[in-house]
Amino acid sequence: MNQIKTLSFFNNKGGVGKTTLSTNIASDFADRGHRVLYVDCDPQCNATQLMLTEEQTAAIYDSRVDPADSTKESLSHSIYKLFIPLREGEPTIDTEITPVHSDRFGVDVLPGHPSLSQIEDVMSEAWQTALSKQTAAFRRVHWAGQLATAMEDEGRYDYIFFDVGPSLGPFNRTVLLGCDAFVTPTSTDLFSYHAFGNLARWFESWTVDYSEMSEGNLNAWRTYSSNVDEKSRSLRLQGHNGKQLKYLGYTTLEYVKKKSSGQEQLIGAFERFRGRFADEARRIATSLGQPEEEFLLGIVPHMYSMPATSQDVHAPIAKLQSSDGIKGSQHGQRDSYAAKISAVADNVYSRLQ
């Protein structure tokens with residue numbers, strides 16, 4: 001059986017190009033011949049809007065004349081469908097999913113839903129209850145692992161990408177529990193730097209909490225079960241059966257540089273933060289038991305209006321064409337941007353193996 005790989009793009013600060021980067025890397029993986037499922041876990045649904053056409057999103061979110069009926073119908077055609085059993089008190093998700101294919105990105109998309117914000121409360125309660133060694137809640141917080149295991153058992157995909165919103169809340173924690181690895185997109189400014197440091201401190205405490213939760217629930221299972229490994233297999237538990245969350249590294253979103261006499265001018269207010277990210281990245285890795293190394297995956301260029309064009313035509317940067325509205329020198333800019341994104345994708349791909 002081909003073992004599925006799961007990856008998240010995660011940061012608690014918005015505006016760092018996370019969705020643009022993750023969707024384009026997902027497309028890059030698909031171009032390598034891999035079967036990719038992209039799961040939109042952000043209630044803002046930016047990735048869904050980017051990768052799916054207007055006709056596809058209308059079929060999901062606006063399929064009935066009555067808006068209330070459309071909303072109810074959309075729940076069963078999006079990621080929200082997974083969580084309906086959890087909201088009803090069940091410990092396992094509904095894995096009978098019907099992703100929507102993005103032709104130009106070449107990946108299947110499990111669409112997001114604005115009502116995902118309600119799942120934050122569900123996961124918050126489950127997290128606290130699981131800390132009290134309630135094994136049903138322990139299963140609930142591992143919903144992402146349940147999804148990955150189901151897709152692996154069915155042989156449907158090689159990679160699952162999870163896109164999450166800018167939050168350190170319980171829901172995003174549960175996404176990470178189902179991931180083999182994660183990437184932190186950043187930008188070179190004061191607030192991104194402080195958010196990155198906050199993320200490093202959060203991981204230090206989070207790993208301790210999760211270790212206690214995991215061992216407590218496994219011990220509870222051991223009191224009455226002779227085959228704990230089989231009971232836990234579908235959850236893809238961190239720290240068990242060779243599975244360990246891995247930090248792949250970070251990217252930085254380039255700021256807009258001014259030119260003088262044809263030369264780019266560096267801006268001190270941005271440059272003085274650039275070198276500080278490496279220390280915080282090493283803190284994140286250390287909290288996960290990884291050795292210190294170089295964690296910079298690459299610098300993502302500021303792409304001006306091209307991401308907006310990409311969203312208008314629902315295509316990755318590398319596949320934008322004249323018919324999509326790019327003209328003249330924009331073709332060269334597209335190639336330059338695509339090459340830099342591809343270089344980041346190469347690093348992500350090699351570190352994920």
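## Helix 5 against helix 6

In this predicted model, the axes of helix 5 (residues 80-87) and helix 6 (residues 119-131) come within 11 Å and cross at roughly 50°. Helix 5 and helix 6 are therefore oblique to each other. Their crossing is left-handed.

Helix 5 brings Y80, F83, L86 and R87 to the contact. Helix 6 answers with I119, V122 and M123. By class, the residues of this contact are six nonpolar, no polar and one charged.

## The largest pocket

The largest pocket has a volume of about 470 Å³. Its lining counts 21 residues. Closest to the centre of the pocket are Q3, D180, N241, G242 and K243.

The lining residues of the largest pocket split into four nonpolar, eight polar and nine charged.

## The cavity

How many cavities of 30 Å³ or more are there? The count comes to one. The largest cavity holds about 40 Å³ of space.

Its lining is made up of S76, H77, S78, K81, I97, T98 and L110. These residues of the largest cavity divide into two nonpolar, four polar and one charged. K81 lines the cavity and falls within the residue range of helix 5, 80-87.

Conventions
Residues are numbered from 1 along each chain as its sequence is written. This is a predicted model: local features need pLDDT of at least 70, side-chain atom pairs count only at pLDDT 80 or more; totals for chains, interfaces and linings use all residues. Side-chain values use heavy atoms; hydrogens and water are left out. Axes are lines fitted to C-alpha atoms, for helices over the stretch in contact, and angles run from 0 to 180 degrees between N-to-C directions. Helices (H or I, at least four residues) and strands (E, at least two) are DSSP runs, numbered from the N terminus. Angles under 35 degrees count as roughly parallel, over 145 as roughly antiparallel, 65 to 115 as roughly perpendicular and the rest as oblique. A crossing is left-handed if the near helix is turned anticlockwise from the far one by less than a right angle, and right-handed if clockwise. Contact means heavy atoms within 4.5 Å. Ala, Val, Leu, Ile, Met, Phe, Trp, Tyr, Cys and Pro count as nonpolar, Asp, Glu, Lys and Arg as charged, and the others, Gly among them, as polar. On a 1 Å grid over the protein atoms alone, a cavity is a set of points where a 1.4 Å probe fits but cannot get out, and a pocket is an open set with protein on both sides within 12 Å along at least five of seven lines; lining residues have an atom within 4 Å of a point. Grid points are joined across faces, edges and corners, and a volume is the space filled by probe spheres set on the points.
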